[in-house]
Amino acid sequence: MEPQLMSGNEAIAHGALRAGAGFACGYPGTPSTEIVETAARLDGIHAQWCVNEKVALEVGVGAALAGVRTVVTMKHVGLNVAADPFMAVALAGVNAGLVVVSADDPGMHSSQNEQDNRVLARFAKIPLLEPTDSQEAYDFLAEAFALSEEFDTPVLLRTTTRIAHGRGLVTPREKLAIEPKPYARDIAKYVMVPANAKRRNHRALQRLEELRARAEVSPLNVLEPGTSDFGIIASGVGYQYAREAFPDAWILKLGFANPLPYGKILELYGQVSRVAVVEELEPFIEDQVRAMGLPAIGKQAIPIEGELDQTIVRRALEPYLEAEPPVRGPVTLPQPPRLAEASPAPAADGAPDLPVRPPVLCPGCPHRAVFSTLRKRRLVPMGDIGCYTLGALAPLLAIDTSLCMGASIGMMAGFNKALGRKAAVGVIGDSTFFHSGITALLDARYNETEGIVVVLDNRTTAMTGQQGHPGTGVHPDSTEGPAIDIVALCQGIGVRCVTADVAEYKALDKLIREEAKLPGLVVIVVQSPCILYQPPAKRTVEVVGPNCNMCGLCLAIGCPAIAPGDDVISILDNCIGCGLCADVCNRDALIMHDAVVAA
Ligand SMILES: Cc1ncc(C[n+]2csc(CCOP(=O)(O)OP(=O)(O)O)c2C)c(N)n1
């Protein structure tokens, strides 16, 4: 195939398509914008703008979970906006490959700040790739997707303005034959409740050392032999400046710079007596090299702000080449950090050995009714963060994912868009909807995504202790201001919106069943208050013994007020009489009474 002149951004889009990506999304921002614009002109890859970078990443995670290789693009400050899903997906991992492109802008040609997002890859414990020209930008996509899938991690591909906008020849390569990966439910992996997140974090830390071993042998990290006694470690465009300024130098080009390949660095130090690190902005590599006990010429000579060029690099480093080489002390390779024990340490002497009490939805919690109906549908339930995340626990098992606040709608949208059908449903609390569900709903509407969103409107922020939110208008001092109507809000952006109440369980069940079959986007607002916030009138449940055959339908709703008895179901004292067990019973074995039944 003939070489073509491409900017780095164009090369990333073409490289993504070549690597089997089927989905590209992002939010515009210089110098990243042309990636999605180019992808939109290519056959075989769906490209869309999202309303912001957080939503774009959540949509991208949804598409990757659906089994389609996905690239999500943004400028450096966009990763600040997307930080919540970014940090969470780093733990949850992916299904099909997920590559996040951060286009940084040293020198602030068109940005409100200067920041080096390589540090965010390290912060998130994920691999970082940095191309040094358009050909590498093209080629690195295949490598990034392969790493993402092999190590079950998102990969950060960092460019800077010169790489993104500079043009170079790209030799196109044969398209890779990549099959979509079927989605497999894995609640322990995708629902970031604390117990799961702890295990995933532990795994991410182990993964980091496995990635470091890979970086040691990666073809992206190249030691280019020189003829002088001078070595340079460089990444990104810094490599180009270093190569031009010092044609005789040994250069270690780090295309895969997090985690850092210590062995490769020692290899360079074995060849030369002086080493400089040429990198724009932070002393990202330099600090880690110094931590190995190795002297490095770095930010004491090369500016820490703005862009570099070959003249700056040459002038900054030349004086050091004339000085005596630094004396080297012993090298101390950083040891892999000690991880905590996988299981908690045994109780200290004398402490009672208490039974484990997993968190559970309260008896009578209205969320339970929604999960009881959702678990019967063949829809993938994308959840969110709130009391309702507990819907992921047995016996309900009615939430497949929970990444960060507001992620459910974007993930549902990405999942459905990638599969081209209404396969997932987003489940979100009312406070979470106002926090960041609205933007994702705007996005689903703008991108004409089909799907169902269930808003669990329990009239409060229950999980954190009954705080007010814009839907209730309640302030911290209990005064009330204007309350924003979710239904009107949805309708205002042209989204069909219907209401339901868990007290009418059978109608709710029917509604969700029917909406799953209809085309388009719908929001179902389940308007049923939290029982702690607005306790319902007390009712009691009578167990009609002869009708109960212990079939377990009522046990499957996971209510802590129901227990299996010897022959029939038994209702415990903590029952508040919500009636859901009676609603799901189809043998009339449970009957509700408005008043306490006399003994
Ligand atoms: C970014 C972020 N801010 C705050 C929190 C703490 N938090 C967890 S869930 C939640 C709100 C839950 O309220 P809602 O969506 O109404 O669901 P409910 O608990 O009432 O079922 C908050 C504020 C968080 N997890 N993440």
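Analyst: The model is predicted, so local features need pLDDT of at least 70 and side-chain atom pairs count only at pLDDT 80 or more, while totals for chains, interfaces and linings use all residues. Residues are numbered from 1 along each chain as its sequence is written, and side-chain values use heavy atoms, with hydrogens and water left out. Helices (H or I, at least four residues) and strands (E, at least two) are DSSP runs, numbered from the N terminus. Angles run from 0 to 180 degrees between N-to-C directions, along axes fitted to C-alpha atoms, for helices over the stretch in contact.

Two strands pair if DSSP finds at least two bridges between them. β14 and strand β15 (residues 424–429) pair in the parallel sense over three bridges; P381 has V425 in β15 as its bridge partner.

Between β14 (380–382) and α16 (407–419) is a loop that holds A394. A394 is exposed, with a relative accessible area of 64%; buried means under 20%, exposed over 50% and partly exposed in between (1.4 Å probe, protein chains only). A394 and A556 are 162 residues apart in sequence, yet 8.5 Å apart in space, C-alpha to C-alpha.

Another open sheet has four strands, in the order β9-β11-β10-β13, and its pairing is mixed. Its edge strands, β9 (221–224) and β13 (274–278), each pair on one side only. Neighbouring strands here are turned by 15° against each other on average, direction ignored. Strand β10 (residues 230–234) pairs with strand β11 (residues 250–254) in the parallel sense over four bridges, and K253 in β11 is the bridge partner of A234. Helix α14 (residues 310–322) lies across β10 and β13 and runs at about 160° to β13.

The interior comes next. A nonpolar core is a set of buried Ala, Val, Leu, Ile, Met, Phe, Trp, Tyr and Cys residues joined through side-chain atoms within 4.5 Å. The largest one has 129 residues, of which I233, I265, V289, F371, F415 and V523 touch the most other members. Helix α3 (residues 53–65) gives the most to this core, with eight residues. V289 touches I233, L260, I265, Y269, L294 and A296, leaving aside residues up to four places away in sequence. A second, separate core has 33 residues, including A19, A144, L147 and L157.

Helix α3 also packs with helix α5 (residues 83–92), at an angle of about 30° and with the axes 8 Å apart. That makes the two helices roughly parallel. K54, L57, E58 and V61 of α3 make the contact with P85, F86 and V89 of α5. These residues divide into five nonpolar, no polar and two charged.

Terms used. Contact = heavy atoms within 4.5 Å. Parallel < 35°, antiparallel > 145°, perpendicular 65-115°, else oblique. Nonpolar A, V, L, I, M, F, W, Y, C, P; charged D, E, K, R; others polar.
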